[in-house]
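Student: I'd like to learn how to read a protein model. Could you walk me through this one?

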Amino acid sequence: MYKIKKVLVGLDLSKLDDTLIDYSNYFAKLNDATDLKFIKITPEIAIPAEIKKEFPDMVKRAITDKKNQMKEVIVNKIGVKPPYKVSYEVVKGQKAKRLLKYSHSSDIDLIIVGRKRKKEGSGVLVNRLARRADCSLLIIPEGSKAQINKLHVPIDFSKNAKDALEEGIQIASMIKNHEGRDVEIICQNVYNVPVGYHYSGRSYEEFSQIMRENAKKNFATFIKKIDTKGTNIRAIYSLDTNENPIEDIYNLAKGIQADLVLFGAKGRTALPSLFIGSMAERLIQFLKDIPVMVVRRKGTNAGILESLREF
């Protein structure tokens, strides 16, 4: 995977910003990032022409005040001279569209956004970003601690899973280099017993064991193609008994107390498809209280400018 050097963080001047500033500062330092860009997007408000004429500086002054407010909060959190360049922007427009445009024009490597507790519709923004962004996306729930001890990577042995695991290995390696400690990576494969197993003459339990052994062989082949950099990787195989692999992934993430779940997203082709993969979309919706990284190779979302017109 590519190195993360330029990070874009979406703020909204709420309590959630405390979590996002702490986490983005932590993540930027881990990656030896060069740029951390904070942006607040305020909605467009129709102002009658006569009001604009009477108060020509009203909007400009409001934006300046918000920018100063944002800067003050950030400086109090990260200090005056962090080890990376900091910039602050307040712009008007639709949140997802403006974030994506800014990300594309600024050659951003990672977008970081937050998710508020118990807020209706809070998943709309992250879903839109996950579908359309041409780089990786980090989604941080409100109140998350800026520390990583255990990574969880659901795998299906695909190229997308390989990208996610390689990003996890990179994060673990950076923590080892910066903090001198090991981070465990849990790779989870969810398997099931196919319909018609009974025609094999085997029982459900026997065939589930056959599928488990097959998953182990697939993992052995899969991991051989990856430079693990000496990181601590453990594989877990979960039998899906209710046709809901997302629940199995969530239960394991909670059970092992994962600090970050990483999974790969399908690259967007030139065709007008907006899907990052049905499994990935459901994971984003389900994992609301755990930090999630949607890993995408930079630039693999072809036609990003065309997709922005679809808002």
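Student: What is the order of the ten strands in the open sheet, and what sort of pairing do they have?

Tutor: A quick word on the model before that. It is predicted, so local features need pLDDT of at least 70 and side-chain atom pairs count only at pLDDT 80 or more, while totals for chains, interfaces and linings use all residues. Residues are numbered from 1 along each chain as its sequence is written, and side-chain values use heavy atoms, leaving out hydrogens and water.

Tutor: Now the sheet. Helices (H or I, at least four residues) and strands (E, at least two) are DSSP runs, numbered from the N terminus, and two strands pair if DSSP finds at least two bridges between them. Here the order is 3-2-1-4-5-10-9-6-7-8, and the pairing is mixed. Strand 3 (85-92) and strand 8 (232-239) are the edges, each pairing on one side only. From one strand to the next, the twist averages 20°.

Student: In which sense does strand 5 pair with strand 4, and in which sense with strand 10?

Tutor: Strand 4 and strand 5 pair in the parallel sense, over six bridges, with Val113 opposite Ile139 of strand 5. Strand 5 and strand 10 pair in the antiparallel sense, over three bridges; there, Leu138 has Met293 as its bridge partner.

Student: Where do the side chains of strand 5 point?

Tutor: In a regular strand, side chains alternate between the two faces of the sheet. In strand 5, Ser136, Leu138 and Ile140 point one way, and Leu137, Ile139 and Pro141 the other way. "Buried" means under 20% relative accessible area, "exposed" over 50%, and "partly exposed" in between (1.4 Å probe, protein chains only). Six of the six residues of strand 5 (residues 136-141) are buried, so this strand is largely enclosed by the rest of the structure.

Student: How do I describe helix 1 packing with helix 3?

Tutor: Two packed helices are described by the angle between their axes and the distance between the axes. Axes are lines fitted to C-alpha atoms, for helices over the stretch in contact, and angles run from 0 to 180 degrees between N-to-C directions. Helix 1 (residues 16-30) and helix 3 (residues 58-78) pack at about 50°, with axes 10 Å apart. Helix 1 and helix 3 are therefore oblique to each other (under 35 degrees is roughly parallel, over 145 roughly antiparallel, 65 to 115 roughly perpendicular, and the rest oblique).

Student: Which residues make that contact?

Tutor: Contact means heavy atoms within 4.5 Å. Helix 1 brings Asp18, Ile21, Asp22 and Asn25, and helix 3 brings Val73, Ile74, Lys77 and Ile78.

Student: Which strands does helix 3 lie across?

Tutor: Helix 3 lies across strand 1, strand 2 (35-42) and strand 3, and runs at about 150° to strand 3.

Student: Is Leu129 buried or exposed?

Tutor: Leu129, in helix 5 (residues 123-132), is buried, with a relative accessible area of 0%. Not counting residues up to four places away in sequence, Leu129 touches Ala96, Leu99, Leu100, Val113 and Leu137. The C-alpha atoms of Leu129 and Ala96 are separated by 6.1 Å, though these residues are 33 apart along the chain.

Student: How much of the whole chain is buried?

Tutor: Of the 311 residues in the protein chain, 48% are buried. The chain has ten helices and ten strands.
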